[in-house]
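Q: Could you walk me through reading some helix features in a model like this one?

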Amino acid sequence: MKPWIKRSLIGLFGASILVGGLTGCGHRHHGFGANMSAEETAQYRGKMIDRVASRLDLNADQKQRLTVLADKLQEQRIALMGQTKDPRADVKALLAGDKFDRTRAQALVTEKTTTLQSKSPEVIAALADFYDSLNPAQQQKVRDFMEHRGGWFHRG
């Protein structure tokens with residue numbers, strides 16, 4: 001496999017791990033992000049960054065890059081949520097009538113896809129900056145994390 005493809009795949013999976021870790025731990029809050037104030041969300045995100053930083057033994061520059069990555073992921077998450085406060089209500093509305101609202105469903109998919117396409121380059125760049133700043137031992141810890149089911153945030 002070509003090195004740039006391998007790095008791109010590792011980067012995308014790393015972003016997925018970070019997002020999965022943040023949302024996976026969010027289940028303890030019964031609706032992480034939805035019912036939390038901006039201050040609570042920032043505090044929780046800070047704890048997660050500190051946790052990842054301690055597991056990888058990050059220096060100040062690396063921790064700053066991780067913070068930028070978390071910021072970009074949060075921006076993408078907010079953009080994906082859009083104007084609605086209850087995304088499930090949008091999906092329920094598709095099923096509200098006697099016929100499935102195909103037009104609205106396609107509009108939702110198009111909206112989310114467009115958001116992903118527009119925000120993903122920033123997320124990928126932030127992830128690449130973070131990953132490239134890691135030393136080989138830290139990169140190996142990330143790869144090892146990806147190999148183990150459940151990873152650092154697994155509780156059961």
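Predicted model: local features only at pLDDT ≥ 70, side-chain atom pairs only at ≥ 80, totals over all residues.

Q: How are α3 and α5 oriented to each other?

A: Two packed helices are described by the angle between their axes and the distance between the axes. Here α3 (residues 60-81) and α5 (residues 102-133) pack at about 170 degrees, axes 9 Å apart. They are therefore roughly antiparallel (angles over 145 degrees). Contact (heavy atoms within 4.5 Å) involves residues including L66 and L69 of α3 and L127 and F130 of α5. The contact residues divide into 12 nonpolar, five polar and seven charged.

Q: What span should the 19 residues of α2 have?

A: The expected span is 1.5 Å times one less than the number of residues. For α2 (residues 38-56) that gives 27 Å, and the end C-alpha atoms are 27 Å apart, which agrees. After α2 comes D57, with a positive phi near 55 degrees.

Q: Which residues have the most contacts inside the largest nonpolar core?

A: In soluble globular proteins, nonpolar side chains tend to be buried together. This core has 16 residues, and L56, L58, L66, L69, F130, L134 and V142 have the most contacts inside it. α2, α3 and α5 each give two or more residues, with the largest share, five, from α5. L56 is also among the buried residues (under 20% relative accessible area) of α2.

Methods: Residues numbered from 1 in each chain as written. Heavy atoms only, no water. Axes fitted to C-alpha atoms, helices over the stretch in contact; angles between N-to-C directions. Helix = DSSP H or I, 4+ residues; strand = E, 2+ residues; numbered from the N terminus. Parallel < 35°, antiparallel > 145°, perpendicular 65-115°, else oblique. Nonpolar A, V, L, I, M, F, W, Y, C, P; charged D, E, K, R; others polar. Buried < 20%, exposed > 50% of the residue type's maximum accessible area, 1.4 Å probe, protein only. Core = buried A, V, L, I, M, F, W, Y, C linked by side-chain atoms within 4.5 Å.
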